[in-house]
Amino acid sequence: MPARYYSKTFKIKDNDEVLIAFIDTNPLIPEFYQNSEYGPHVAGQQPEKQLQWLDHLLQSSKAKWKIVVGHHPLYTAGPRTENYDTLAVRKVLKPLLEKHRIPLYLSGHEHSMQHLKVQDNCFHQSSPEADLK
């Protein structure tokens with residue numbers, strides 16, 4: 001990956017565009033900063049800058065389709081439904097996805113293929129990651 005967070009815009013049919021914003025969800029989880037394993041990887045990161053960048057990107061892009069991709073899910077049908085990381089990422093990202101009417105958030109972390117649509121959310125969440133052991 002070229003950076004902790006970045007975007008790519010692709011031309012699609014009829015000269016329309018799709019914007020894909022790739023984000024780092026680790027610094028969005030406050031508990032990680034105190035964790036001996038994850039703390040060194042998020043230390044010094046400024047999650048508010050990443051969120052400002054994402055907000056500006058989604059606001060300014062003229063792409064017909066906008067997709068956000070991050071590691072941690074906002075919702076899950078797996079064992080992490082109420083985990084601190086799932087709840088933390090949801091608290092921070094859901095308002096931005098709703099504000100910009102983002103139709104799709106792609107995530108991993110659960111190691112199972114899922115496609116979720118929570119009632120009253122504008123976006124679908126898909127976890128295309130599958131554990132193929």
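## Helix H3

The buried residues (under 20% relative accessible area with a 1.4 Å probe, protein chains only; exposed is over 50%, partly exposed in between) of H3 are Asp85, Thr86, Ala88, Val89, Arg90, Leu93, Leu96 and Leu97. Their packing partners are helix H2 (47-60), strand S3 (65-69) and strand S4 (104-106). Helices (H or I, at least four residues) and strands (E, at least two) are DSSP runs, numbered from the N terminus.

H3 covers residues 84-99, 16 residues in total. From its first C-alpha to its last it reaches 23 Å, close to the expected 22 Å, where the expected span is 1.5 Å times one less than the number of residues. A kink of about 35° lies at Leu93, shortly before the proline Pro95; the bend at a residue is the angle between axes fitted to the seven residues ending there and the seven starting there. After H3 comes Arg101, which has a positive phi, near 55°.

## Basis of the model

This is a predicted model, in which local features need pLDDT of at least 70 and side-chain atom pairs count only at pLDDT 80 or more, while totals for chains, interfaces and linings use all residues. Residues are numbered from 1 along each chain as its sequence is written, and side-chain values use heavy atoms, with hydrogens and water left out.

## Nonpolar core

The largest nonpolar core has 24 residues. Such a core is a set of buried Ala, Val, Leu, Ile, Met, Phe, Trp, Tyr and Cys residues joined through side-chain atoms within 4.5 Å. Leu54, Val68, Leu74, Leu93, Leu97, Tyr105 and Phe123 touch the most other members. Strand S2 (17-22), H2 and H3 each supply at least two residues of this core, and the largest share, 5 residues, comes from H3.

Leaving aside residues up to four places away in sequence, Leu54 touches Ala21, Ile23, Val68, Leu93 and Leu96. Contact means heavy atoms within 4.5 Å.

## Whole chain

The protein chain has 3 helices and 6 strands, arranged along the sequence as β-β-α-α-β-α-β-β-β. Its radius of gyration is 15 Å, close to the 14 Å that the globule rule gives for 133 residues, so the chain is as compact as a globular protein of that length. The radius is taken over C-alpha atoms, and the rule is 2.2 Å times the number of residues to the power 0.38.

Buried residues make up 42% of the 133 residues. Among contacts between residues at least 6 apart in sequence, 54% join residues at least 24 apart.
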